[in-house]
Amino acid sequence: MNTENVVKHLRVLWRTDRIIADIRLRHLLMGLGLRAFAALIASFGLLMLELSAYFALVQIWSAIAAAAILGTVNFAIAAVLFVVAGRPPSGRDIELANEIHGASIEALQLEARALQAQVSGAVHHPLGTIAPVLVPLIAIIVKSLRKTATESPASREAHS
């Protein structure tokens, strides 16, 4: 397991999560703005249409029937606007961000499995993990002992 890889994958994961959240937030805000603008336009437009339709329908039917028909038409128009504004985001941005997010998760899982294998290997075979450190250490100790052994006779003769 390489800690640099883990950090790199975590950064990629964090960035893609931010991108996904940003894309969803922009879509949500755009949808909300469109809904608000649609509601404003619809209210002014429907006010005029309703007024003209009401005057036209009152001449054919009663005032109650004319108001009921216009109310039903208003609900139908509002439903169509909400369906259009509530569509899920489509585009390559969100697909690409989701793809990178999935790849980051897979890479982190691989790193976690590698760490788990190293830890379980160290628990089952503790000498196997210590051996790479012990071999150079033993070599240094043997060198220093040889050096001390060769210097000892020379120093004994000097003192004599």
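User: Is tyrosine 54 buried, partly exposed or exposed?
Analyst: This is a predicted model, where local features need pLDDT of at least 70, side-chain atom pairs count only at pLDDT 80 or more, and totals for chains, interfaces and linings use all residues. Residues are numbered from 1 along each chain as its sequence is written, and side-chain values use heavy atoms, with hydrogens and water left out. Buried means under 20% relative accessible area, exposed over 50%, and partly exposed in between, with a 1.4 Å probe and protein chains only. Tyrosine 54 has 29% relative accessibility, so the residue counts as partly exposed.

User: Which residue forms an aromatic pair with tyrosine 54?
Analyst: A search of the whole structure finds one aromatic pair. That pair is tilted, with 6.2 Å centre to centre and 55° between the planes, and the partner of tyrosine 54 is phenylalanine 55. Rings of Phe, Tyr and Trp (its six-membered ring) pair if their centres lie within 6.5 Å; planes under 30 degrees apart count as stacked, over 60 as edge-to-face and the rest as tilted. At 52% relative accessibility the partner counts as exposed; its name is phenylalanine 55.

User: How many helices does the protein chain have?
Analyst: Helices (H or I, at least four residues) and strands (E, at least two) are DSSP runs, numbered from the N terminus. The elements run α-α-α-α from the N terminus on. The chain has zero strands, and its helices number four.

User: Which residues does threonine 16 touch, leaving out those up to four places away in sequence?
Analyst: Threonine 16 is found in helix H1, residues 3-60. Its relative accessible area is 4%, so threonine 16 is buried. Contact means heavy atoms within 4.5 Å. By that rule, threonine 16 touches Ala97, Ile100 and His101.

User: Where does proline 88 lie, and is it buried or exposed?
Analyst: Proline 88 lies in the loop between H2 and helix H3 (92-124). The C-alpha atoms of proline 88 and glycine 31 are separated by 9.9 Å, though the two are 57 residues apart along the chain.

User: What is the relative accessible area of isoleucine 69?
Analyst: Isoleucine 69 lies in helix H2. The residue is partly exposed, with a relative accessible area of 33%.

User: What share of the 160 residues of the protein chain counts as buried?
Analyst: The count covers the 160 residues of the protein chain. The share that counts as buried is 12%.
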